[in-house]
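I'm opening my notebook on a new structure today. I'll jot down what I look up as I go.

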Amino acid sequence: MEKAIITVVGKDQVGIIAKVCVFLAEHDVNILDISQTILQGYFNMMMIVDATQSADQFGELIQGLEALGEEIGVTIKLQHEDIFNKMHRL
Amino acid sequence: MINLFEVAETNKMIEHENLDVRTITIGISLLSCMDSNVDVLCDNIYKKITTIAKDLVKTGEAIENKYGIPIVNKRISVTPIGFVGSSACKTVEDFVKIAKVLDRCANEVGVNFIGGYSAIVSKGMTDAERLLIESIPLAMKETNYVCSSVNVGSTKTGINMDAVKLVGEIIKETAELTKENDSIGCAKLVILCNAPDDNPFMAGAFHGVTEAESIINVGVSGPGVMRNAIKTAKGKSFGELCETIKKTSFKITRVGQLVALEASEALGIPFGIIDLSLAPTPAIGDSIADCLQEMGLERVGAPGTTAALAILNDQVKKGGVMASSYVGGLSGAFIPVSEDQGMIDAVQAGALTLEKLEAMTCVCSVGLDMIAIPGHTSSKTLSGIIADEMAIGMINQKTTAVRIIPVIGKDVGDIVEFGGLLGYAPVMPVNQFSCDEFVDRGGRIPAPIHSFKN
């Protein structure tokens, strides 16, 4: 299973998680873990997802999420989890 | 499992502190292309490079996407052309023909530099190598992407002073031929001592003859990340400062290692080394000078600068070697002037001189780099500067280099604009006393003694 990390950062508003989750469901991306906090009015969310079932290429998912982010006015990134594992785990 | 804090830390490094992988460089051996006919040779070179490196840029971009980390440069290094052209090239023009083919390959596969228009003449020069060196000015004028280097000395062989004298003249001629563009040809030409075979960084990259058919070398970077890390150790003891640098270097290098292995697998080319160098760019905050100033110096060049750089260089290596089993290339901290806003500011403030930079090269990873000097500087003086720098490398068993630009038509106080990653530089004064008789002696400086280290 190839895990990836989604980060969402931006001004808090109603429905951010809902919209991201709808997108993921539509593209067969399974959510494994969500953590979220509000820092000084800013919305910070991290999701660990599994995209192996998705018919889309990794690059397409990245673009789709970026476009969704622009639509709601937040920054959404999708990155393979290895960059974080390599940097923070021995 | 990875937590929000760790993810935020990594992305802060990428988004706000200019963390990037500086270069993926494919080393390609051109020994199998050799032929006695220069046109056949050029044809072989073209086919080999465009076949092996055709997916480099595409692969690099895919990795950038997957991990969300910029890979700034994709590059190629080749076997020193001084070897490759030895049988085919009878004239300077023959060598320039090869340079043009390399340029065409670079353009076609979409890399921004191709290194290896080089000669390794640490002890002596073959006829072909002399021709190659003589062809450098024209080659630098006629091409856009080709980088050239000449290795004129090593700890094992001493320094080839005939070559040092010759390259002084060659640098001057290159400056003249490219004077319309602020002598930019000299920014693509570096003179080395103890040049490594696996360096992925330009302008000194070449694919040494000790290397395999092809290889992936990766240069990591991150002065901005380092600077912010050092900031957190403000007022702390040297022990804590070193610990901070080491940990940060480890994190940066792990990312480089990840990218290197991924690129190696995708391209089907073996992984060579990670080069741990902290390489600055003209971007604000992406500066080695800022790292040193963050350690407690008012300006780079102040007393204490050499010690601060020694700490930085050594701790970067100590952190990095644990993150990758194969470390090579130049590994350390680069101190170019034009590519580092903090260095430029220090020169303009009168804090940093050529002599202090020379002292700093005793403990940094390479040498005098991207320094603009007055265009009227004589070739003998250039040779003298090179000889000094080569001696530092030879005696201290380290790589040293000189990439210096005598900017034709400019003098001390003028500003030279190179553009892009090469940045801009104030023209620095050079000691005006002569070394002509010393340079004119000819011959070699013998290899140093390897005992009685004082």
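Below are my entries, and I keep in mind that this is a predicted model.

**Entry 1: where the chains meet**

I started with the contact between the two chains. I find 22 residues of chain A in contact with 17 residues of chain B. Next I asked which elements of chain A give two or more residues to that side. My list reads strand 1 (3–11), strand 2 (30–39), strand 3 (42–50), helix 2 (58–72), strand 4 (74–80) and helix 3 (82–88) of chain A. Helix 3 of chain A gives the most, with seven residues. I also sorted this side of chain A by class and got eight nonpolar, nine polar and five charged residues.

**Entry 2: helix 1 of chain B**

Then I went to helix 1 of chain B, residues 4–16. It has 13 residues and reaches 17 Å from its first C-alpha to its last, close to the 18 Å expected at 1.5 Å a residue. Which of its residues are buried? I noted Val7(B), Thr10(B), Asn11(B), Met13(B) and Ile14(B). These cover an arc of only 150° around the axis, so they sit on the same side of helix 1 of chain B. I remind myself that an α-helix has 3.6 residues a turn, so residues three or four places apart point the same way. On the other side of the helix I see Phe5(B) and His16(B), both exposed.

What do the buried residues pack against? I wrote down strand 1, strand 3 and helix 3 of chain A, together with helix 8 (223–232) of chain B.

**Entry 3: two domains in chain B**

Chain B is divided into domain 1 (22–193) and domain 2 (223–249 + 274–445). I get 23 Å between their centres, taken over C-alpha atoms. Across the boundary, 31 residues of domain 1 are in contact with 35 residues of domain 2. On the domain 1 side, strand 4 (146–154), strand 5 (158–160), helix 7 (161–177) and strand 6 (189–193) of chain B each supply at least two residues. Helix 7 of chain B gives the most, with eleven. By class, I sorted the domain 1 side into 15 nonpolar, seven polar and nine charged residues.

Glu169(B) has 17 C-beta neighbours inside 10 Å, so I put it down as partly exposed. Glu169(B) and Ser378(B) are 209 residues apart in sequence, yet 8.4 Å apart in space, C-alpha to C-alpha.

**Entry 4: the nonpolar core**

The largest nonpolar core has 173 residues. I looked for the members that touch the most others and found Ile114(B), Val152(B), Val167(B), Val259(B), Ile371(B) and Ile404(B). This core draws at least three residues from each of domain 1 and domain 2 of chain B. I followed up Val259(B), skipping its neighbours within four places in sequence, and its contacts are Val21(B), Ile24(B), Ile63(B), Ile71(B) and Val218(B).

**Entry 5: helix 12 of chain B**

My last stop was helix 12 of chain B, residues 341–348. Why do I call it largely enclosed by the rest of the structure? Because six of its eight residues are buried. They are Gln341(B), Gly342(B), Met343(B), Ile344(B), Ala346(B) and Val347(B). What covers them includes helix 10 (288–294) and strand 12 (424–426) of chain B. After helix 12 of chain B comes Gly350(B), and I noted its positive phi, near 80°.

Conventions:
Residues are numbered from 1 along each chain as its sequence is written. Chains are lettered from A and ligands numbered from 1 in the order in which they are written. This is a predicted model: local features need pLDDT of at least 70, side-chain atom pairs count only at pLDDT 80 or more; totals for chains, interfaces and linings use all residues. Two residues are in contact if their C-beta atoms, placed from the backbone, lie within 7 Å. Helices (H or I, at least four residues) and strands (E, at least two) are DSSP runs, numbered from the N terminus. Ala, Val, Leu, Ile, Met, Phe, Trp, Tyr, Cys and Pro count as nonpolar, Asp, Glu, Lys and Arg as charged, and the others, Gly among them, as polar. The expected span of a helix is 1.5 Å times one less than its number of residues. A residue is buried if 20 or more other C-beta atoms lie within 10 Å of its own, exposed if 12 or fewer, and partly exposed in between; C-beta atoms are placed from the backbone. The arc is that of the directions from the helix axis to the C-beta atoms. Domain bounds come from an automatic or database domain assignment. A nonpolar core is a set of buried Ala, Val, Leu, Ile, Met, Phe, Trp, Tyr and Cys residues joined through C-beta atoms within 7 Å.
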